Amino acid sequence: MAEPQIIKIDDDTWRIENDGVRFFLLKGSRKALLIDSGMNVRNVKEIAEHITDLPLLLLNTHADIDHIGGNDEFPSFMMHPSEAVNYYGQQKKMGIINPVYDGDVIDLGGRKLEVMLTPGHTPGSIMLLDESKGVVFSGDSIQEGNIFLFGPMRDIRAYVLGLKRLDKWKGRFDIIYPSHGTFPVSPSIVDKLIDGAKKVMRHEVEGKKASLYGHDIMVYDIKVAKILGDYNEK
């Protein structure tokens, strides 16, 4: 297992790359925040505390296993409550969820992060707007990689509706930091993802059969990304 790669973005923002998963450390004047905790990292807290001695919070964009790997190092963490069934039920994890809701603002001291619920990939997937930096932390919902929309709790229709919610943030950000794939990406990707997902829903994109994690799935190449679904091609 490779050691995680710690990359400084600016004086108070870092990205941590590990096994194809990316998570982030943000500093304000009073607190620091981890956005997700990776997958096979077993010293997440130590990594963060080596960078900053500020009180450390953890927030999960959603509860898929590659985003909560280091959660056991924290007694509690922030997450949308719609992810509880995923976190406790599907992933069999422990710990206390401190719920965050759509529209909540997390103040790190001179650095405020606004929460937006963007379901589809999972019911409680959230994004964070850091308007002071003009950045959106998008979790898995926006990326140039594989977007998982197969299996329990995932829905392509909700995914499109979730992405459309970003209209309310237009003009407040100019870059997106995804958790997988190319880093960073332009906001122009959002409309491309919406358009591609709609084409999949209209059966205008030819899917290819594949198998992943014991699931028979369809892979839809929408050019900017690949949507992994369990949809037929009728």
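Let's start with His121, which sits in the loop between strand S9 (112–117) and strand S10 (126–130). Helices (H or I, at least four residues) and strands (E, at least two) are DSSP runs, numbered from the N terminus. Keep in mind that this is a predicted model: local features need pLDDT of at least 70, side-chain atom pairs count only at pLDDT 80 or more, and totals for chains, interfaces and linings use all residues. Residues are numbered from 1 along each chain as its sequence is written, and side-chain values use heavy atoms, with hydrogens and water left out.

Is His121 buried or exposed? His121 counts as buried because its relative accessibility is 3%; buried means under 20% relative accessible area, exposed over 50%, and partly exposed in between (1.4 Å probe, protein chains only). Its neighbours, leaving aside residues up to four places away in sequence, are His62, Asp64, Asp140, Ser141, Phe148, Leu149, Arg154 and Tyr159, where touching means heavy atoms within 4.5 Å.

Now for the empty space. Rolling a probe the size of a water molecule over the atoms shows where empty space is left. The largest pocket has a volume of about 560 Å³. Of the 22 residues lining this pocket, the closest to its centre are Asp64, Asp66, Phe148, Arg154 and Tyr213. Helix H2 (84–90) and strand S12 (146–149) are the elements that give two or more residues to the lining. A pocket here is an open set of points on a 1 Å grid over the protein atoms alone, where a 1.4 Å probe fits, with protein on both sides within 12 Å along at least five of seven lines; lining residues have an atom within 4 Å of a point. Grid points are joined across faces, edges and corners, and the volume is the space filled by probe spheres set on the points.

Most residues other than glycine have a negative phi, and most peptide bonds are trans.

Asp19 is in the loop between strand S2 (13–18) and strand S3 (21–27), while Met153 is in the loop between S12 and helix H3 (156–164).

Finally, the peptide bond from Phe183 to Pro184 is cis, with omega near -15°. You'll find Pro184 in the loop between strand S13 (175–177) and helix H4 (188–201).
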